[in-house]
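This report is an introduction for a reader new to the structure.

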Amino acid sequence: MNLQHMIPYANPTYFIWLMVGLLPMMLVLLFKQKRWQWYQTLLTLAVLYVSFGGEYWQQGLALIGYVVYQTLLVYGYYQYRQRANTSGVFYSAVVAAILPLALSKVTPFFVGHASLIYFLGISYLTFKSVQMIMEIRDGLIKEYHPWRYIQFLLYFPTISSGPIDRYRRFEKDLLNTPTKEVYLDYLNKGVAKIMLGLLYKFILGYYLGQVLLPIVSKEALQNGLFSWGMLGYMYVYSMYLFFDFAGYSLFAIGVSNFMGYDTPANFNKPFLAPNIKEFWNRWHMSLSFWFRDYVYMRLMFTLIKKKVFKSRIVASNVGYFALFLLMGIWHGLTWYYILYGVYHATLICGNDAWIRWKKKQGNLPSNNLTKAVSTVLTFQAVCFSFLIFSGILDKLFVK
């Protein structure tokens, strides 16, 4: 059987071969409480070969070049940081880390095809690289070990779509083998996550995406924006997006558990969020927390420290629009991704304004009924944002 090219977690065959590869590692962890680093390296190379080989060999070469580039870049900044700490060098290092991702995003816009430096997962590896540089500057990462950093970048369960781990947390797992009791708990959690992921991605996600979505999409495009077809498309696409992506994330976390790693969660019942800010604390959590910690908080610190705005409220609103505009552009240089970002920034700012107004009133009711109403309203607002995100409006209006 030709194993090239197999997208991670895309079909049952991938799981069969992956479990065969994981079994020796799992047995050693369970009965010997040892971590076979050499075996994990071999398994990583095998998985990367399967994922980035065959007709996609260019992506494999791009990945190798990218890892070498980022490893040297972070090493260079680490060596510099031991001697000095100027903002100019720091920002230059961050820009250099982002540059391959930026070029891979911009190239298709101008030439009409994927960049030669693009590979599946380049965004998530870039987030890890930028995180390293920022935490080295902050003094949170005091030692740089190139091989550990490469293992962090190429951690195969999460390489293509996250969750986005933090280096210090990953390094702690890498260097410490779980006890038998802890690993048994990991195995229980891993099995539960894999089984739930199968339900999400291969049953619910498949039915929503492959059966229902084409039907409602056709109805929506035939009957226009204000139609039952478009409303059905909005809900079906939103549910499909969640179950497909949450299923993938569950697979990544479950496989990590089998390997003895406690990779962070990515979703926590996001459609039950009572407001839009809480939604972003539950949806694609590793990404939203990354943008919060490494973009929004740093931007807010700069705006307040330099007194760019007299009002903290204005500074906060500017920060939200910059944050979500950046997130929109990260998804792609299209008007609907940018509108998606602006829309969510508007919702966040509106939510903050509502909270400030409520505090001034002082006597507004807050109970299970009001929470239920706010949860339903938040769900509608989020689903409408996914309608924008889906790109169907582009097909409807740009013919």
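## The second largest pocket

Helix 4, helix 5, helix 11 and helix 12 each give at least two residues to the lining of the second largest pocket. Helix 4 gives the most, with 10 residues. The model is predicted, and the volume of this pocket comes to about 890 Å³. Its lining is made up of 31 residues, and those closest to the centre are Val94, Ile98, Met134, Tyr294 and Val295.

Sorted by class, the lining of the second largest pocket holds 22 nonpolar, three polar and six charged residues.

## The largest pocket

The largest pocket has a volume of about 1,200 Å³. It is lined by 42 residues, of which Tyr124, Ser160, Ser161, Trp330 and His331 are the closest to its centre. The elements that supply two or more lining residues are helix 4 (87-111), helix 5, helix 9, helix 12 (312-331), helix 13 (335-361) and helix 14 (368-390).

The lining of the largest pocket divides into 28 nonpolar, 11 polar and three charged residues.

## Salt bridges

How many salt bridges are there? The count comes to 12. One of them joins the side chains of Arg298 and Asp138, with N to O at 2.4 Å. This pair links distant parts of the chain, 160 residues apart: Arg298 is in helix 11 (residues 285-305), and Asp138 is in the loop between helix 5 (122-137) and helix 6 (146-153). Arg298 has a relative accessible area of 23% and is partly exposed. Asp138 is also partly exposed, at 39%.

A salt bridge also forms between Asp244 and Lys201, whose closest N and O atoms are 2.8 Å apart. Asp244 belongs to helix 9 (residues 228-258) and Lys201 to helix 8 (residues 180-223), so the bridge ties together parts that are 43 residues apart in sequence. Are the two partners buried or exposed? Asp244 is partly exposed because its relative accessibility is 22%, while Lys201, at 15%, counts as buried. In the pair formed by Glu278 and Arg282, the closest N and O atoms are 3.1 Å apart. Glu278 is partly exposed at 27% relative accessibility, whereas Arg282 is buried at 17%. Asp165, Arg169 and Asp173 are linked in a network of salt bridges.

## Annotated transmembrane regions

An unreviewed UniProt entry lists residues 12-31, 60-78, 85-103, 109-127, 198-217, 237-259, 313-331 and 369-393 under "transmembrane region". These spans come from the record.

What is the chain like over residues 12-31? In the model this span is 100% helix and 0% strand, and its end C-alpha atoms are 28 Å apart. Residues 60-78 are likewise 100% helix and 0% strand, with 27 Å between the end C-alpha atoms.

## Cysteines

How many disulfides does a search of the whole structure find? The search finds zero. A disulfide is a covalent bond between the sulfur atoms of two cysteines. Among the cysteines, Cys349 is buried with a relative accessible area of 10%. Cys383 also counts as buried, because its relative accessibility is 0%.

## Two further residues

Arg312 is a residue of helix 12. With a relative accessible area of 58%, Arg312 is exposed. The C-alpha atoms of Arg312 and Met300 are separated by 8.9 Å, and the two residues are 12 apart along the chain.

Leu396 belongs to helix 15 (residues 392-397). Leu396 is buried, because its relative accessible area is 10% and buried means under 20%. Along the chain, Leu396 and Asn223 are 173 residues apart, and their C-alpha atoms are separated by 9.8 Å.

Note on methods:
Residues numbered from 1 in each chain as written. Predicted model: local features only at pLDDT ≥ 70, side-chain atom pairs only at ≥ 80, totals over all residues. Heavy atoms only, no water. UniProt positions renumbered as here; feature names shortened; annotations may be inferred. Helix = DSSP H or I, 4+ residues; strand = E, 2+ residues; numbered from the N terminus. Salt bridge = Lys/Arg side-chain N within 4 Å of Asp/Glu carboxyl O. Buried < 20%, exposed > 50% of the residue type's maximum accessible area, 1.4 Å probe, protein only. 1 Å grid on protein atoms, 1.4 Å probe; cavity = no way out; pocket = protein on both sides within 12 Å on 5 of 7 lines; lining within 4 Å. Points joined across faces, edges and corners; volume = space filled by probe spheres on them. Nonpolar A, V, L, I, M, F, W, Y, C, P; charged D, E, K, R; others polar. Disulfide = S-S within 2.5 Å.
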